[in-house]
Amino acid sequence: MKRNAFVTMLLLLAAIALTAQSPDNKRLLTAQRISERITVDGVLNEPVWAEAAVASDFVQTAPFPGAASAMPVQIKVIYDNSGLYIGATLFDSRPDSILNELTQRDRLGNSDVFGVFIDSYRDGLNGFAFLVTPAGVQVDLKITPLQNNNNGNQIVTSGEDIGWDAVWFSKCVLHDQGWTAEIHIPFAALRFPKTEQQTWHINFGRMIRRYNEMSFWNTIDPQINGFLIQSGLLNGLENIKAPLRLQATPFLAVYGLHHHDKNGTPKDSYGRSFNGGMDVKYGISDAFTLDMTLIPDFGEAQSDNQILNLSPFEVQFNENRQFFTEGTELFNKGGIFYSRRIGGQPLHYGKVYDQIGEGETLVSNPQQSKLFNAAKVSGRTANGLGLGLFNATSGRSTAVVRGTDGTEREIETDPLTNYTVLVADKNLKNNSFATLINTTVWRSGQDYDANVTGAVFDFRNKTNTYGLRGKGVVSQLYRPGDTELGHTFNIGVGKISGQWQGGISYNEESDKYNPNDLGFLFNNNERSVGTELRFNQYKPFGKFNSAGAGMYLSYSRLYNPNVFTNFGANFWAWVQTKSFWNFEMWSYHEPMRTFDYFEARTTGRYYHFPTNNNVGFWTGSDNRKQIRISFNTNFRTYGEDGRFRWNVNFSPRYRVNDKLTLSTNTYYGRFRYDVGFAAKTDPVNGGTQPEVIFGKRHIETVENIFNASYTFNPNTALTLRARHYWTSVHYQSFHLLTEKGELGETNFNESRDANFNAFNVDMIFRWRFAPGSDLFVIWKNSVLHSGSLAGENYFSNWDNLFEAPQDNSLSVKMIYFLDYQSFMQK
């Protein structure tokens, strides 16, 4: 593809002439309807491309906000009855220097990027993004508003739903003037109003990786809260209709299983299983879609990061199952939906051991309930009303125990359970919204049911400078003859745009508030007030590209009884140099003794926590380089002799070439004279309450993660992730927790030492052999061991780790994408 300088200049002049300004200073581009057939080959040689309007003159967001992009860009948009076509010519004065790392789908590496961002309802809150690299890697995601987290102290920001996957087409070509991207986005991949003439929010972005330059067609100011509200406009869309959206992805999975235990009888056991099911996507209307999974299989999901949990709170695991990460932005509003509850650990999993009789042995106790099906309906009307319904059913689970005579009996650990989420979300003026959400868990039999109802809002002024947001939720647990009610609410107001930002918030959780049947909350029974102040400088100065600093103060009390628990002060500062090294420092201080009412695990009891100070540091080198290093550490001291916590994390990454990348992450934590719960003993001296025993302990933790990724082409990749986690706990002394929260004397001397190992390997080969269709070959290895292994340090544990029982699985899974529209066209 060759053009002389005169032609290039004409194209740039045409871009200036054809790109108008809308009344509200948004750039305007007109899409042209075509009847000619377009071949998506990365070469814009069809005559209609020469007639289309041009968008150009990109403006930097980083590293020089407001400056013109270093390289020119020409964008054209045309459409037909099937969808949009975007042609992008990304000029580069040094095409041989374009960075072009090959990665698997939905992952961006060290590469230039071109992106299209569409907000078809122009609500400034919800949109779609389609990105490509010169190597042809595709990334698609939904842009959504993220709600504040459970403590109610976070200002609302824009989020990305990377789990969303659509079927669209692209081809990228490198040439002597840069590179070209040709993209076809079928209307079936989008949601838009049902009107004859439409105007959408649209923006185009470009990353020139060797400069770390990010620029956009319509200017994106990093100091303004909100990405989509800073989009330009696309008009000229007339008489477009959403096609019949009926898609199915049947799958078949075959598993080979191997369990090895050198001390078992037999030492090796083998098994196999077959699984088949289907995901269905149906467009109920132009705006609403039904997604359903029947007899799902999530064998390709990454293994959980198991740890030794010494805290009084549940461990929260990431959701890695695609059905529960894709298109769930409506259901995640308010923070009361935690999808890992569905198909998760059975309700009475831990109670089985109390029901094993004398002489009986446990044969099996499944750690996960069986998920039968799940479905979700979601969409948004032309007036901005989003509606969603989520429903899933898991089957009855049982443990099996065997008596001395060989007979077996079942113990129910989970009844047949149905999960439902309902949500209504209304987009309001000024990038604001209000949401109602309800979750219900119904269980068959005598087990309790649960319901949670919440309202969420975020109001902003016309300039998007100030915001008021809040949430109110009521939880209800229904037991025979009894209903337990709890509540939470938070409200916050602040300045959300500009160099100076800040706000104040209040959060309250009653002692009966419990959303955890379908949500996640570490602890309830809390009142807190927080205030935050931040300063960010995004324009370069001196030797730096950008910098910022801030502080956050928090004051907490129990809800019941209304007593003081904690005061903390957090300070931070960050900077990016002109060589793109990043540095951050932070500190956290509790200048007065505080009260921990949770560690004692007994109602009304508390531990009188000492004053403490925590300081930390993080640095990351230039991500464009072949070798990148990330390092962070923090050190926490306490107002007690010899007590401290120190940890360090080191993460080097080596990019061998544009196809192979290796990385490791090493964490080391060393706690000395850490104080925590150890046990409860029977009441003494005629008391009625159990004695609470605390311990002073040394804790040492090492975690190593190794990642390798080899990408054969944009559709084929092999990934390896290996993780070893080890924690050793040695109690130095035991103490009676007194009524005043101090550590007293005790005769308790039972061992509470722990030595925990978790080892996992996930190796996944993925081949996308057709649009939306994948073949997976997956090997997983797992070792979980809690107890004594030979040796007291990390290396001796590693030497003996594989003496413990281990599980291996090898599976092959094929997913095939069927599209009614494509089938009818053929």
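The structure is a predicted model, in which local features need pLDDT of at least 70 and side-chain atom pairs count only at pLDDT 80 or more, whereas totals for chains, interfaces and linings use all residues. Residues are numbered from 1 along each chain as its sequence is written, and side-chain values use heavy atoms, with hydrogens and water left out.

Along the principal axes, the C-alpha atoms of the protein chain fill a box of roughly 95 × 60 × 55 Å. The secondary structure comes to five helices and 46 strands, where helices (H or I, at least four residues) and strands (E, at least two) are DSSP runs numbered from the N terminus. Of the 826 residues, 52% are buried; buried means under 20% relative accessible area, exposed over 50%, and partly exposed in between, with a 1.4 Å probe and protein chains only. Among contacts with a separation of 6 or more, 62% are made by residues 24 or more positions apart, a contact being heavy atoms within 4.5 Å.

An open sheet is formed by five strands in the order β3-β5-β6-β12-β11, with mixed pairing; two strands pair if DSSP finds at least two bridges between them. The edge strands are β3 (32-33) and β11 (169-175), each of which pairs on one side only. Within this sheet, β6 (residues 83-91) and β12 (residues 178-186) pair in the antiparallel sense over nine bridges, and Gly87 has Glu182 of β12 as its bridge partner.

The largest nonpolar core has 40 residues, and those that touch the most other members are Ile75, Leu84, Ile86, Phe114, Ile118, Trp200 and Phe204; such a core is a set of buried Ala, Val, Leu, Ile, Met, Phe, Trp, Tyr and Cys residues joined through side-chain atoms within 4.5 Å. Two or more residues are given to this core by each of β5 (73-79), β6, β7 (113-119), β8 (127-132), β12, β13 (197-208) and β15 (232-238). Leaving aside neighbours within four places in sequence, Ile75 is in contact with residues including Ala53, Val54, Phe58, Ile86, Phe114 and Phe204. A second, separate core of 24 residues includes Phe324, Ile342, Tyr448 and Tyr513.

A further open sheet consists of three strands in the order β19-β22-β23, with antiparallel pairing. Its edges are β19 (361-364) and β23 (408-414), each with a single partner strand, so one side of each is left without a neighbour in the sheet. Six bridges join β22 (residues 397-402) to β23, and Ile411 in β23 is the bridge partner of Ala399.

Strand β41 (residues 716-737) is mostly covered, 16 of its 22 residues being buried. With β40 (residues 691-713) it pairs in the antiparallel sense over 20 bridges, and the two strands form a hairpin with two residues between them; the bridge partner of Arg697 in β41 is Tyr731. Strand β43 (residues 754-770) also runs antiparallel to β41, joined to it by 14 bridges, with Arg723 opposite Asn760. Two bridges pair β41 with β42 (residues 743-744), again in the antiparallel sense, and Leu737 stands opposite Leu743. The hairpin of β41 and β42 has five residues between the strands, and Gly741 in the turn has a positive phi of about 80°.

Asp674 is found in β39 (residues 660-681) and is buried, with a relative accessible area of 2%. The side chains of Asp674 and Arg645 are joined by a polar contact of 2.6 Å, that is, a pair of N or O atoms within 3.5 Å, of which, within protein, one must be able to donate a hydrogen and the other to accept it, residues adjacent in sequence counting only if both atoms are side-chain atoms. Beyond neighbours within four places in sequence, Asp674 is in contact with Arg643, Arg645, Gly695, Lys696, Arg697 and Ile699. Arg605, placed in the loop between β34 (594-596) and β35 (607-609), is buried with a relative accessible area of 10%. The side chain of Arg605 reaches the backbone oxygen of Thr738 at 3.3 Å, and, not counting residues up to four places away in sequence, Arg605 touches residues that include Asp596, Tyr597, Pro690, Leu737 and Glu739.
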